[in-house]
Amino acid sequence: MLTQLLSARPGRPRLPYWRLTLLLLLAYLLYLPFSGYTRLYHDSLNYWFISIYYHKQGSFSLLNFHDSFRGYLLPLLLLPLRIVQFYTNLPPILFARVFGAVSAAVGFGLIGPLLWQSAKGQREPLAWVRRLAFAALGFALWRDYFNFTLTDFPALWALGLGVLLLYNAGLWGVAGAGMCLAAACNMRPTYLISVPFFMALLAVLPLHINGGRRVARTLALLAGMALLWLPQLLINHYQFRQNSPLVLAQHEDLETDNLYREKLKWGLVHQKYETTIVTDYPQRVLIFRDVAGEQLVKAERIGWFDSYGSYLQLVLRHPLTFTKMYAWRLFNGLDVQYPTPYIKRVYVPTWGLAWLNYTVWFGALLVLLRTRFRKLRWHQWLVLAVLLMPCMPMLPMSMECRFLLPLHLLLYAVLCFGWPTAWHPSQLPRRQLAAVGVAYVGFVAVCFWASVTAQATLELGPRALW
């Protein structure tokens with residue numbers, strides 16, 4: 001059915017982007033209250049709580065913010081909702097749902113499709129069926145994330161909007177792109193790895209402008225980044241006596257002075273990590289053990305890494321072991337088993353969601369094998385680098401599916417927006433259809449085998465997918 005819709009010829013009535021966005025907003029606002037959650041948990045509750053830091057002794061100031069672990073921006077965005085919640089005494093999750101519904105609608109309805117259209121150089125809007133399919137996959141696989149005030153989706157939308165502005169804006173828009181890039185880095189510091197590729201993309205867009213204009217655009221981008229990073233610089237100087245515009249990611253409870261280096265150790269012994277709010281599992285986290293990593297830690301007597309160089313030396317000494325470990329992290333990061341960051345029940349069948357996810361992978365791989373990247377231009381390669389490079393530093397971590405969110409959404413976009421119109425089942429030879437069918441069954445079977453193998457490593461009792 002999906003292949004028939006995506007293969008439909010152009011010319012059907014189109015749903016305007018703004019109208020589909022409003023429909024998505026309404027759909028999420030209607031769904032989220034019935035998703036089974038009644039309050040905020042863990043990180044989402046922390047973000048909601050620290051938003052009040054700006055208000056101290058009856059006055060508001062950016063310099064009042066004193067959390068060295070997280071960036072200032074998301075709590076600042078939540079502050080107006082926090083104030084309304086204080087005076088109305090309504091449950092915080094109601095405001096989190098409004099925030100999440102707007103995020104989902106804007107991201108899936110506008111930013112994702114428009115970015116694909118701009119990067120591909122298409123003047124005509126994408127067919128509404130394709131955009132609806134993209135949004136439907138986002139809903140099916142991630143819908144409950146929008147109950148909570150987390151940084152994953154807002155940061156990705158900010159990065160995507162920044163790239164979009166490079167394609168479609170003048171100097172003021174480029175300054176806005178710089179602000180978007182800085183916002184993404186403030187909410188998710190791993191997005192810093194995208195900065196050089198973002199700068200390179202700026203250097204080649206638009207495709208035909210003179211050198212003076214490019215210099216002006218570069219200055220506008222830097223000004224936008226500086227404007228949004230300035231509050232973090234002032235906060236770090238005032239509260240922590242450090243002159244850095246970046247999130248410090250430091251906490252007194254850490255064994256090291258840096259959160260990422262601390263996670264490098266845990267990434268050796270955990271191949272996946274999930275957070276729960278359940279009663280059918282004795283801990284609030286699901287830890288999927290990595291036996292090879294545990295053996296490596298014992299053999300090398302590994303403690304905490306005091307530098308990134310020491311970790312790199314370990315990788316160079318055991319290249320095959322780390323290749324296998326990173327391959328499992330990649331699979332686990334793509335293997336969505338629950339459409340939520342906070343699992344309500346662990347031991348429930350999840351094969352249906354997993355099957356949908358593997359089907360998306362297979363369809364996207366078919367499209368990618370057809371294109372073989374032959375026709376990609378430099379600016380398109382750079383867009384891919386900007387979006388996907390933040391996934392790279394996540395591979396050594398205790399993997400969570402949300403860490404590879406850019407790759408997930410890219411696969412959805414490739415399937416929904418890139419599926420060729422000529423690929424209608426009725427127009428393909430039977431032998432070709434049979435070969436694809438056999439390949440699909442084999443691919444899904446291998447994915448289920450890999451997933452079952454990973455689920456069997458759950459620390460306090462393996463779980464099955466069905």
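## Strand 3 and its partners

Strand 3 and strand 5 (residues 342-343) run parallel and are joined by two bridges. Two strands count as paired if DSSP finds at least two bridges between them. Strands are DSSP runs of E with at least two residues, helices are runs of H or I with at least four, and both are numbered from the N terminus. In strand 5, Ile 343 stands opposite Thr 276.

This is a predicted model, in which local features need pLDDT of at least 70, side-chain atom pairs count only at pLDDT 80 or more, and totals for chains, interfaces and linings use all residues. Residues are numbered from 1 along each chain as its sequence is written, and side-chain values use heavy atoms, leaving out hydrogens and water.

## Strand 3 beside strand 4

Strand 3 covers residues 270-276. Five bridges join strand 3 to strand 4, and these two run antiparallel. Lys 272 has Phe 288 of strand 4 as its bridge partner. His 270 stands opposite Arg 289 in strand 4.

How many residues of strand 3 are buried? Six of its seven are, so strand 3 is mostly covered. Here buried means under 20% relative accessible area, exposed means over 50%, and partly exposed lies in between (1.4 Å probe, protein chains only). Strand 4 (residues 285-289) has four of its five residues buried, so it is largely enclosed by the rest of the structure.

## A look at His 270

His 270 belongs to strand 3. This residue counts as buried because its relative accessibility is 12%. Which residues does His 270 touch, leaving aside those up to four places away in sequence? They are Ile 287, Phe 288, Asp 290, Arg 329, Met 397 and Ser 398. Contact means heavy atoms within 4.5 Å.

The side chains of His 270 and Ser 398 also make a polar contact (3.3 Å). A polar contact is a pair of N or O atoms within 3.5 Å; within protein, one must be able to donate a hydrogen and the other to accept it, and residues adjacent in sequence count only if both atoms are side-chain atoms.

## Helix 13 meets helix 14

Two packed helices are described by the angle and the distance between their axes. Helix 13 (residues 308-317) and helix 14 (residues 319-334) have axes that come within 5 Å and cross at roughly 105°. Axes are lines fitted to C-alpha atoms, for helices over the stretch in contact, and angles run from 0 to 180 degrees between N-to-C directions. The two helices are therefore roughly perpendicular to each other. Angles of 65 to 115 degrees count as roughly perpendicular, under 35 as roughly parallel, over 145 as roughly antiparallel, and the rest as oblique.

Helix 13 brings Tyr 311, Leu 314, Val 315, Leu 316 and Arg 317 to the contact. Helix 14 brings Pro 319, Phe 322 and Tyr 326.

Most residues other than glycine have a negative phi, and most peptide bonds are trans. The bond from Leu 205 to Pro 206 is cis, with omega near -15°. Pro 206 is in the loop between helix 9 (195-204) and helix 10 (211-240).

His 42, in helix 3 (residues 42-50), has a positive phi near 50°. At 23% relative accessibility, His 42 is partly exposed. Arg 301 also has a positive phi, of about 50°. Its place is the loop between helix 12 (291-300) and helix 13. Arg 301 is exposed, at 77% relative accessible area.
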